[in-house]
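Q: I have a model open on my screen and would like to learn how to read it. Could you take me through it feature by feature?

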Amino acid sequence: MNSAAIQEQSATLATNAAKLAEEVEKLAQDASQLIDVQTAAATMDFLSLFTIFVLACFVGFYVVWSVTPALHSPLMAVTNAISSVIIVGGLLAAGPADMDFSKVMGFCAVTLASVNIFGGFIVTQRMLGMFKKKK
């Protein structure tokens, strides 16, 4: 090979390398924009879910406190049914094999819903016992 052919090949390689560098830079910018979009979407998802949770807490509080005493037994039965649904959801959340935040929160949901169900049955049994005739 003569020096002119080597210079020509090196110029071609330099041009190709510059084109590749531009493409890599463009891909890096696209990737950073995609990461920004995904982060914004995750933040919006958390905020919307947290807002729904807070609103559900307020609605539940006002609904329970506005129940008349005569309806407490049926309300206990309904909350026990709702707690059983929470246990199913908690078991599904606690199901993944890896240890992460959803597994811990699923375990907490199962534990607290179980306490709620068993406490509800005890309270309902006591309330129904008040209506039995004494022997």
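Q: Let me begin with disulfides: how many does the structure hold?
A: A disulfide is a covalent bond between the sulfur atoms of two cysteines. In this predicted model, the structure holds 0 disulfides.

Q: Are Cys-57 and Cys-108 buried, exposed or in between?
A: Residues under 20% relative accessible area count as buried and those over 50% as exposed. Cys-57 has 41% relative accessibility, so it counts as partly exposed. Cys-108 is also partly exposed, at 33%.

Q: Next, aromatic rings. How many aromatic pairs does a search of the whole structure find?
A: A pair of aromatic rings is described by the distance of the centres and the angle of the planes. Here the search finds 1 pair. Its members are Phe-61 and Tyr-62, with ring centres 5.3 Å apart and planes at 80 degrees, which means the pair is edge-to-face. As for accessibility, Phe-61 is partly exposed at 45%, while Tyr-62 is exposed at 55%.

Q: What is the pattern of the protein chain along the sequence?
A: Start by listing the helices and strands in order. The protein chain has 3 helices and 0 strands, giving the pattern α-α-α. Its radius of gyration is 31 Å, well over the 14 Å that the globule rule gives for 135 residues, so the chain is more spread out than a compact globule. Along the principal axes, the C-alpha atoms fill a box of roughly 120 × 30 × 15 Å. Buried residues make up 10% of the chain's 135 residues.

Q: How far apart in space are Ala-14 and Phe-107?
A: Compare separation in sequence with separation in space. These two are 93 residues apart in sequence, and their C-alpha atoms are 59 Å apart in space. Ala-14 lies in helix 1, which covers residues 3–65, and is partly exposed at 48% relative accessible area.

Notes. Residues numbered from 1 in each chain as written. Predicted model: local features only at pLDDT ≥ 70, side-chain atom pairs only at ≥ 80, totals over all residues. Heavy atoms only, no water. Helix = DSSP H or I, 4+ residues; strand = E, 2+ residues; numbered from the N terminus. Buried < 20%, exposed > 50% of the residue type's maximum accessible area, 1.4 Å probe, protein only. Phe/Tyr/Trp six-rings, centres within 6.5 Å; stacked < 30°, edge-to-face > 60°. Disulfide = S-S within 2.5 Å. Rg over C-alpha atoms; globule rule 2.2 N^0.38 Å.
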